[in-house]
Amino acid sequence: DLGRVYQIDHIRVWGRTDSHTDRLEGARLWIGSHRCGTLTAMGTATEPDVITCSEEESAGRYVTIEHFDQYITLCEVQVMVRQAQIDLEPNEMHSNGEIHGNYTNVALGKEAWQSTTGWNGYASRAVDGWVLTSWDSGSCTHTLYSEVSQWHVDLGKVYKIDHIKFWGRTDSHQDRIKWARVYVGRTQCGILSEEQYEEGQPWTISCSGTELGEVSGRIVTIERLSEYLTLCEVQVMVKNEDVAEEELPSTFPSYENVARGRPTNQSSIEWSGSSSRAVDGYSSDSSAMWNEQSCTHTLYESFNYWEVDLEDSYYIDYIEILGRKDCCGNRLDGAIITLDGKTVTGLTYTNDQLRWEIPMNYARGRRLRVALLNEYLTICEFSVWVDHNYDASSDTENQVDLSVDNIAFNKVATSSSVYLGGVASNANDGDTEGNFYSGSCMSTGAEQGSHWWSVDLGDSHTVGHVIVYPRLDEDYAGYIDGASVKVGDHVCGTIEHESHKAWYRVDCEGMAGTSVSVIKDAGFLQLCEVVVQVAED
């Protein structure tokens, strides 16, 4: 402690020359929070080791010499200040990290934590500044073996991050780090692939480039599925010219799986198959194996469910579901997906099917549920993909304005026949629920000839749009494909089935009539709601 801040010119250090002359080799010298240099072995030299800091890093009060896993013996330390500056007291410069050429490591000494700790391998070891890759050195972290092992560091503020370098063990268990994922906030910068791993340490994951753009964040995470995680050093590198910038807002991907890491729940749990496994972000074929600890599992019950809360409402592009690969993939057959209580689709299993991709056509919602009767429920990943640049106000194809009056609501409706209680009035009762067995869908029978549903509007109206909600608990084209929509005797258009599509909007362009009909030439006709809106003036 120099007593006050000085503008230090250089520091002179003497160690032993009679024996143990190499003990100071590699020791680090600091002025305040700035690392100025590394000491060398004294040998038999009588001259001191001289360390000089750059001018902007050499104003400080405290000088520190530290070593790792070694004695420190100092015979003399001189902190030298130029005579002309001895009476000046400059402002002490705060360090954002350690400079490495054109970059600054902003993770050095910052607060770190991890999902679990084993064998005293504390998270802080990965940001102690020592690149020592043997476990016995005492500078490597260690988690327990768990479903997803995570290590985090808080950089203290948001930085625009260029790349991240990290080291694993070299004495044994080197391959534990393989396939580790690196995140800055919600943005995945990269994965340590087989090819990168074979190239050797240190491994570098870029967080800048045309695909990611600029990545800014405060929390950096490294994680590994179904394995111990050991890190011997992590450096988060920021370009020197970006270090002193005003703090930026955190960035996030423009196209994102918003289910990752969100709160989940399920009806029961068996074999430690917790509900959170389905949103751990691991969706490769290998994570569909039960032993990878990335799949959920309920008990066998009459009614099972799994659900996720996205914590906000989103316009959803599509959902992707990963089932089990090692066995039991057919268990998801017949599962029903709902969004905020409304049926989205039913799953149908085909031979060796592993994935289901469900177009959502930018339906808006927050809570998604998978329900299944009389079977175990196992999901290995449930991804909800959102385009944050999507503009619902300009999307006339997928969005409907339900604030316009529905002139068909509760009017007299008829159908060519009735099957399984699906009376005609179910299709204009105001309930768009797409599960046939909820009791709000109509169905014709199996008679020969055309099948139709019709609503009497009472008076003549000029019709703008007819919005038809199909049955969704079974993704079967035959229930609605090829159906024509008419106003009176005028055909507005024909419905072409799209898998999992929640509604079909048919433009009637102001056609006038006292009735609206939906007609199929043959086969069952099943509808869950028909909305009729008048044409705009």
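User: Which ring does the charged end of Arg186 sit over?
Analyst: Phe252, at 4.5 Å from the ring centre. "Over" needs NZ of Lys or CZ of Arg within 6 Å of the ring centre and within 35 degrees of the ring normal. This is a predicted model, where local features need pLDDT of at least 70, side-chain atom pairs count only at pLDDT 80 or more, and totals for chains, interfaces and linings use all residues. Side-chain values use heavy atoms, without hydrogens and water, and residues are numbered from 1 along each chain as its sequence is written.

User: And what does Arg28 sit over?
Analyst: Its charged end is over the Trp130 ring, 3.9 Å from the centre.

User: Switching to ring pairs. How many aromatic pairs are there?
Analyst: The structure holds 18. Rings of Phe, Tyr and Trp (its six-membered ring) pair if their centres lie within 6.5 Å; planes under 30 degrees apart are stacked, over 60 edge-to-face, the rest tilted. Phe68 and Trp130 form a tilted one, 5.7 Å centre to centre with 45 degrees between the planes.

User: What does the Phe68 and Trp130 pair tie together?
Analyst: Parts 62 residues apart in sequence, because Phe68 is in the loop between strands E7 (63-66) and E8 (76-80), and Trp130 in the loop between E11 (111-114) and E12 (146-161). Strands (E, at least two residues) are DSSP runs, numbered from the N terminus.

User: Is Trp130 buried or exposed?
Analyst: Buried, at 12% relative accessibility. Phe68 is partly exposed at 21%. Buried means under 20% relative accessible area, exposed over 50%, partly exposed in between (1.4 Å probe, protein chains only).

User: Which rings cluster with Trp119?
Analyst: Tyr145 and Tyr228, linked by ring pairs.

Definitions and conventions. Helix = DSSP H or I, 4+ residues; strand = E, 2+ residues; numbered from the N terminus.
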